[in-house]
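Okay, quick one from me today. Have a look at the model on the screen and I'll talk you through a few spots.

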Amino acid sequence: TPGEEWRLPDRSSTKKDWEKIASTIPDQNKGSIDHMLQSIYENADEDTRRAMNKSMQESNGTVLSTDWAKVGSGRVESYKSTES
């Protein structure tokens, strides 16, 4: 009605267990490349993680390496395609 203030319902007292809600959603990314790379990273040793982070950062996301012996000794250049 005119002159009345409209407000959203107060939900501050309602707590949601987002972890529980998220656990009910099926994992649709199990076959994705992102899932595979996350799995590699999670199960990797410290040198492999360091190599993955450094190679992605220095190459602007165009190169991913897991070889710290190679990546740790120099700068990782961006990948430039030779295709036109």
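**S59 and its surroundings**

So, leaving out residues up to four places away in sequence, S59 touches V76, E77 and S78, where a contact means heavy atoms within 4.5 Å. Before I go on: this is a predicted model, so local features need pLDDT of at least 70 and side-chain atom pairs count only at pLDDT 80 or more, while totals for chains, interfaces and linings use all residues. Numbering runs from 1 along each chain as its sequence is written, and side-chain values use heavy atoms, with hydrogens and water left out.

Back to S59: you'll find S59 in the loop between α3 (46-58) and α4 (68-71). Helices here are DSSP runs of H or I, at least four residues, and strands are runs of E, at least two, numbered from the N terminus. Is S59 buried or exposed? S59 is at 0% relative accessibility, so it counts as buried; the cut-offs are under 20% relative accessible area for buried, over 50% for exposed, and partly exposed in between, with a 1.4 Å probe and protein chains only.

Now R50, which sits in helix α3. R50 has a relative accessible area of 34%, so it's partly exposed. R50 and G72 are 22 residues apart in sequence, and their C-alphas are 8.4 Å apart.

Over in helix α2 (residues 33-42) there's M36, partly exposed because its relative accessibility is 45%.

Zooming out, the protein has four helices and zero strands, in the order α-α-α-α along the sequence. Of its 84 residues, 13% are buried. And for contacts between residues at least 6 apart in sequence, 2% join residues at least 24 apart.
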